[in-house]
Amino acid sequence: MSANGPASVKFASCRVKELRRQATLPAKFERLLQTFPLADMFRGKTVAIKIHVGGDIGYTTIHPLFIRILVSAIRQAGGQPFVTDGSGSMKNAVTRGYTEEVLGAPLVEAAGIANNYAYTHPVNYRTLKNVELCGNIVDAGAMVVFSHGKGHGNSGFGGAIKNLAMGCVARDTRGQIHRLQGDQFDWDSETCTRCHGCVENCPSPGAIHFDKDDNLKYFDHNCRYCRHCEEFCPTGSIKIDSRGTEYFQHGMALTTREILNTFEPNRVLFINVLMSITPYCDCWGFSTPALVPDIGILAGTDVVAIEQASLDLVHTEDLIPNALPESMKLHEGNHLFERIHGKDPYLQVACAAEIGLGSREYT
């Protein structure tokens with residue numbers, strides 16, 4: 001955050017004004033990086049490039065060309081880059097063309113090959129007592145948080161904050177952060193008549209179902225908290241407490257703060273890629289069509305500002321016809337991601353600003 005006013009966010013647009021190499025996004029990205037004092041930030045430092053490598057047959061992660069351009073810029077600035085991701089995910093990297101030969105930098109498991117090289121940091125927030133931060137990221141001298149912006153079932157939006165909070169933690173920390181959502185969904189098996197009307201009225205396939213023993217099962221990642229099931233239930237057997245969504249967002253913000261606090265000031269650059277913006281996270285292992293036309297790449301040194309700006313650029317009126325999977329429908333909400341997932345995507349940004357991670361005001 002700038003001490004003199006709003007934070008600065010740099011933007012390279014996907015739009016091509018003329019048929020020249022220099023008018024295309026990769027060339028713009030090169031020029032965008034040149035506007036930052038990379039030598040001051042990275043010279044003589046090992047630099048962790050934190051990406052999300054995706055999974056299975058997903059194909060909408062950041063294109064290797066842009067990672068290679070970033071690697072080259074860091075090397076020219078005197079830094080020693082390595083590409084990393086957490087939770088043992090690097091085995092999936094090669095599927096999307098992420099290799100040292102292609103990217104120009106080694107690929108390193110953020111918490112080691114056994115996902116147990118970590119530093120314990122206390123946070124003492126509700127049930128989240130500690131977070132285990134990936135050792136190879138903490139040991140780095142600087143970092144670039146290179147994030148693919150897209151929708152997310154739990155947080156509405158997955159960008160830099162999610163890339164840090166979910167991808168820079170080891171062991172069981174991801175699950176502990178998710179469990180902050182707690183017992184949001186409460187089902188009283190004794191009063192339930194098993195009419196199955198709740199499932200029939202659920203607009204999100206996979207959120208709830210009855211198992212072979214006729215017991216109701218709930219999958220939070222798919223739930224939009226539309227309360228259709230709760231409102232339909234004739235016996236009041238379903239109760240939903242949506243306060244857990246805020247707890248989850250706040251937990252992500254706190255984890256992000258712990259990670260960023262391990263670096264000296266002015267050693268972290270945030271880059272959000274707003275291309276192939278899909279409804280769900282790349283960890284799902286498959287891709288669906290982009291919801292809106294490709295927007296571009298944003299970069300800055302304020303994590304709150306870059307997340308705010310990224311969300312501000314995604315508009316419901318830009319939704320591409322037939323882009324939303326047929327099983328999904330738009331509902332009430334202020335932002336496209338809220339209308340898809342039922343969760344305010346700005347909530348994580350507000351939580352991060354509240355604990356001092358940056359400014360929601362930007363230029």
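## The second largest pocket

About 240 Å³ of space lies in the second largest pocket of this predicted model. A pocket here is an open set of points on a 1 Å grid over the protein atoms alone, where a 1.4 Å probe fits, with protein on both sides within 12 Å along at least five of seven lines. A volume is the space filled by probe spheres set on the points.

The pocket is lined by 20 residues, each with an atom within 4 Å of a point. His-52, Asp-85, Ser-89, Arg-174 and Cys-283 are the closest to the centre of the second largest pocket. Helices (H or I, at least four residues) and strands (E, at least two) are DSSP runs, numbered from the N terminus. The largest share of the lining, four residues, comes from α6.

By class, the lining has two nonpolar, 13 polar and five charged residues. Ala, Val, Leu, Ile, Met, Phe, Trp, Tyr, Cys and Pro count as nonpolar; Asp, Glu, Lys and Arg count as charged; the others, Gly among them, are polar.

## The largest pocket

The largest pocket has a volume of about 390 Å³. Its lining holds 17 residues, and Leu-260, Pro-265, Asn-266, Thr-301 and Leu-357 are the closest to its centre. Here α10 (243–260) and β14 (268–274) are the elements that give two or more residues. The lining of the largest pocket has eight nonpolar, five polar and four charged residues.

## Salt bridges

The whole structure has nine salt bridges (a side-chain nitrogen of Lys or Arg within 4 Å of a carboxyl oxygen of Asp or Glu). One of them joins Lys-50 and Asp-85, at 2.9 Å from N to O. Lys-50 sits in strand β2 (residues 46–50) and Asp-85 in strand β3 (residues 80–85), 35 residues apart. Both are buried, meaning under 20% relative accessible area; exposed is over 50%, and partly exposed lies in between (1.4 Å probe, protein chains only).

Arg-171 pairs with Glu-132, with the closest N and O atoms 3.3 Å apart. Arg-171 lies in the loop between α6 and α7 (173–178), and Glu-132 in strand β6 (residues 128–134). Arg-171 is partly exposed at 43%, whereas Glu-132 is buried at 15%.

Lys-212 and Asp-213 form a salt bridge at 3.6 Å, and both are exposed. Lys-45, Glu-264 and Arg-267 are linked in a network of salt bridges.

## Basis

Residues are numbered from 1 along each chain as its sequence is written. In this predicted model, local features need pLDDT of at least 70, side-chain atom pairs count only at pLDDT 80 or more, and totals for chains, interfaces and linings use all residues, while side-chain values use heavy atoms, with hydrogens and water left out.
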